[in-house]
Amino acid sequence: MAKAELKSETKTEIEDSSSLKGTLVSVFFVGFFIVVLWVGVYFLYLDRF
Amino acid sequence: MHMHKFEKIWLIFGVTALLVFLSVLGVSAFYLGNQPPSCLAVVDPTKVDEHETFKEPGLKKVEGKDWDYELVFVAQAFAYTPGTVEVPLGAKVKVIATSKDVIHGFGVAGTNINMMVEPGYISEIVTTFDKVGEYLVLCNEYCGSGHHLMTSMIKVVE
Amino acid sequence: MLKTSLNLKVDRRDAKLVMAHFYVAFIALLVGGLAGLLQVLVRSGKFELPAGIGYYQILTVHGVVLGLVLTTFFIMGFQLAAVSKTAGTFTNKQRTIGWIGFWIMTIGTVAAAVMILLNEASVLYTFYAPLQAHFVFYLGLTLVVVGSWAVGTTIILKYAEWRRANPGQPSPLLTFMALVNTMMWIVATIGVAATVLIQLLPWSLGLVETVNVGVSRTLFWYFGHPLVYFWLLPAYMAWYVMIPKIIGGKIFSDSLARMSFILFLLFSIPVGFHHQLLEPGIDPAWKFLQVVLTFLVVIPSLMTAFSLFATFESYGRSQGATGLFGWLKKLPWKDARFTVPFIGMLAFIPAGAGGIVNASHQMNQVVHNTVWVTGHFHLTVATAVVLTFFGVSFWLVPHLTGRKLTKKINKLALIQGYLWAIGMTFMSGAMHAAGLLGAPRRSSFSEYGGAAQAAEWIPYQIAQAVGGSILFIAIILMLYIFVNLAFFAPKGEEEFPVGEAANQEEKAPMVFENWKLWLGITVLLILFAYTIPFIDLIKNAPPGAQGYKLW
């Protein structure tokens with residue numbers, strides 16, 4: 001039992017330590033900002049003569 | 001060269017977004033005609049006053065063109081001629097400008113009318129004045145010590 | 001074999017050359033910062049310049065001294081240090097060429113500065129003809145450029161020597177990056193050298209009557225956009241290579257870093273028309289082509305964003321961080337060498353996004369020559385780049401002078417970074433907002449004949465003055481830190497941080513060192529983007545423009 005516990009713990013740790021989930025979310029936040037700003041100014045352009 | 005799966009996802013997203021931006025701009029520019037002001041016509045900067053278009057600055061009604069009026073401005077340090085002009089609401093107008101001396105900027109605050117005015121070149125842009133109001137014309141390219149005093153006013157009236 | 005050339009310390013003789021560059025750079029920071037303070041105060045409408053000093057004279061000082069002098073001197077010094085550290089100490093001949101370059105640049109700077117102070121050259125740092133400055137001003141700028149070529153030669157010679165000594169090996173990453181930036185700079189400055197030497201100098205000397213305005217502007221902007229990448233790439237060098245080491249992590253990928261730099265070399269130059277979108281004389285189709293090329297240069301920055309986040313996350317997780325953002329807590333926030341450049345990285349998010357808007361063809365009409373643009377490049381060069389340079393100075397200056405960054409100075413450095421962030425949020429934020437309302441850039445305080453629209457801009461101008469004043473305090477603090485690190489900090493050893501790649505086995509593909517290939521493509525892209533519109537500008541040119549001195 002103790003052995004099994006140890007095994008599962010190691011496994012989750014390895015998975016977690018090499019994960020780049022946070023990076024993916026972070027860059028998509030950057031992407032979201034770029035799109036929102038661009039669309040915002042584009043609508044300003046459309047609204048003005 | 002190895003690339004992480006998430007980086008590929010990110011780059012595909014990024015490149016797609018850029019392509020969408022470019023497509024929107026391209027269709028608007030080349031299909032709908034919303035090009036940035038890019039007139040390729042020239043004029044002798046020392047003979048602006050004798051030029052057909054520029055000898056009488058101001059608003060003129062025109063016939064048989066895609067636009068109803070031509071609004072002509074002459075830029076010279078540190079003034080725009082005319083200093084104030086009224087435009088009827090809804091008029092489709094070609095704004096035309098040139099400079100008699102150095103480079104000026106023709107910016108109309110709160111609108112998309114914004115173009116460089118350079119000696120020797122004619123700058124033009126076509127637009128429909130569809131909102132009533134007083135729009136400040138100002139020089140937005142440095143032209144000398146009186147640069148910030150160089151203005152005009154376009155009044156869009158009903 | 002690779003390790004042998006990696007100096008533990010930058011050689012003292014090389015350090016002297018680097019520090020010479022830094023002295024000029026930080027004097028420029030003082031002068032330019034003071035000019036900036038005066039500008040925001042004048043533009044608030046509450047303050048007038050004494051003794052008949054002109055707003056535009058001060059503005060010329062600000063632009064030339066910060067945009068051209070601070071940046072060029074700091075970058076050349078930084079790149080020399082990076083190459084000396086990673087490719088080995090310069091030979092005496094190489095170092096002498098570097099010193100010659102330094103003195104040519106310095107003489108040029110002084111000549112241009114004297115003309116500006118005499119009010120003979122209030123033409124701003126873009127010096128658009130037909131405003132005509134004194135010929136010594138143009139000569140001075142030429143010397144700055146020529147001097148930078150000499151310093152660049154030092155870097156190129158060292159690189160070539162390293163390659164000969166290490167056949168079949170990819171060059172050290174920092175040396176590679178410094179080389180890319182140097183080559184981009186040389187290719188780009190040919191444009192500004194051409195307009196100054198062929199057009200503006202003979203014209204200001206009275207040898208020719210008139211100047212072709214369209215050609216001059218096009219040559220300037222052929223140089224003007226790669227100029228901003230010349231500022232940015234050294235910051236990227238620090239972000240890619242030094243920051244990972246400072247936090248205790250690894251470089252995410254050596255090869256991808258090289259690839260992004262190659263992309264910058266290819267796509268930074270044939271994009272100058274996006275500064276000329278609203279001008280007559282250039283066909284809109286060619287403008288659009290360069291807009292497309294401009295968008296391509298966004299891609300290496302997207303790659304950089306990923307690499308940096310990945311470096312941070314990998315490090316955080318190696319320290320036991322869990323969850324989506326737990327790694328953020330593991331970063332060394334109390335270390336100014338990390339935190340101050342990190343603020344710069346954050347600033348580059350809105351800066352880059354704004355840049356995409358600026359380059360968007362007809363959308364440029366919304367923002368062109370408004371103070372939005374000023375807000376934009378105060379985020380790019382005056383935050384992302386400059387805070388990274390400051391962050392580099394915190395360890396590089398003591399490394400070179402044999403001193404230590406003390407806890408106390410580190411704390412001041414953090415305060416300096418926070419002040420910058422606060423000041424710039426006010427100033428740049430207000431500039432972006434006022435710009436969208438139509439407020440122009442490069443303009444003294446004006447009520448524009450009492451126009452209602454102009455009255456709306458004044459609160460934003462006051463916010464700019466508040467932000468600008470905070471920034472000036474941060475500049476004074478930075479100068480204090482620099483002087484301390486250069487002359488007064490306790491003697492000791494300060495580390496020159498050079499990161500290692502996470503994957504040591506993966507050797508960078510040698511194709512990245514094939515300069516015939518990359519420079520060849522660079523030239524082809526430039527010819528493709530410029531040849532036809534440039535011939536148009538010459539063939540269909542209007543009568544030339546006479547010179548004017550309107551200040």
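These exercises work through the contacts and backbone details of a predicted model.

Residues are numbered from 1 along each chain as its sequence is written, and chains are lettered from A in the order in which they are written. Local features need pLDDT of at least 70, side-chain atom pairs count only at pLDDT 80 or more, totals for chains, interfaces and linings use all residues, and side-chain values use heavy atoms, with hydrogens and water left out.

**Exercise 1. Describe the interface of chain C and chain B.**

Step 1. Count the residues. Chain C brings 72 residues and chain B brings 65. Contact means heavy atoms within 4.5 Å.

Step 2. Take the area. About 5500 Å² is buried between chain C and chain B, and carbon and sulfur atoms give 69% of that. Buried area is the accessible area (1.4 Å probe) that two parts lose on being put together, summed over both.

Step 3. Look for salt bridges (a side-chain nitrogen of Lys or Arg within 4 Å of a carboxyl oxygen of Asp or Glu). Chain C and chain B share 2 salt bridges. One of them pairs Glu141(B) with Arg442(C), at 3.4 Å from N to O.

Step 4. Find the elements on the chain C side. Those giving two or more residues include helix 6 (213–247), helix 8 (284–296), helix 14 (452–488) and strand 2 (545–546). Helix 8 of chain C gives the most, with 7 residues. Helices (H or I, at least four residues) and strands (E, at least two) are DSSP runs, numbered from the N terminus.

Step 5. Sort by class. The chain C side has 45 nonpolar, 20 polar and 7 charged residues. Ala, Val, Leu, Ile, Met, Phe, Trp, Tyr, Cys and Pro count as nonpolar, Asp, Glu, Lys and Arg as charged, and the others, Gly among them, as polar.

**Exercise 2. Follow helix 1 of chain C from start to end.**

Step 1. At the start, a side-chain oxygen of Asp11(C) comes within 2.8 Å of the backbone nitrogen of Arg13(C).

Step 2. Helix 1 covers residues 12–44, 33 residues in total. Its first and last C-alpha atoms are 47 Å apart, close to the 48 Å expected. The expected span is 1.5 Å times one less than the number of residues.

Step 3. Gly45(C) follows the helix, with a positive phi near 85°.

Step 4. Go on into the loop between helix 1 and helix 2 (55–87), where Ala51(C) lies. Ala51(C) is not a glycine, but its phi is positive, near 55°.

**Exercise 3. Locate two cis peptide bonds.**

Step 1. In chain B, the bond joining Ala77(B) and Phe78(B) is cis, with omega about 0°. Phe78(B) sits in the loop between strand 2 (69–76) and strand 3 (79–81).

Step 2. In chain C, the bond from Ala129(C) to Pro130(C) is cis, with omega near 10°. Pro130(C) sits in the loop between helix 3 (92–117) and helix 4 (135–165).

Methods
Polar contact = N/O pair within 3.5 Å; in protein donor to acceptor, adjacent residues only side chain to side chain.
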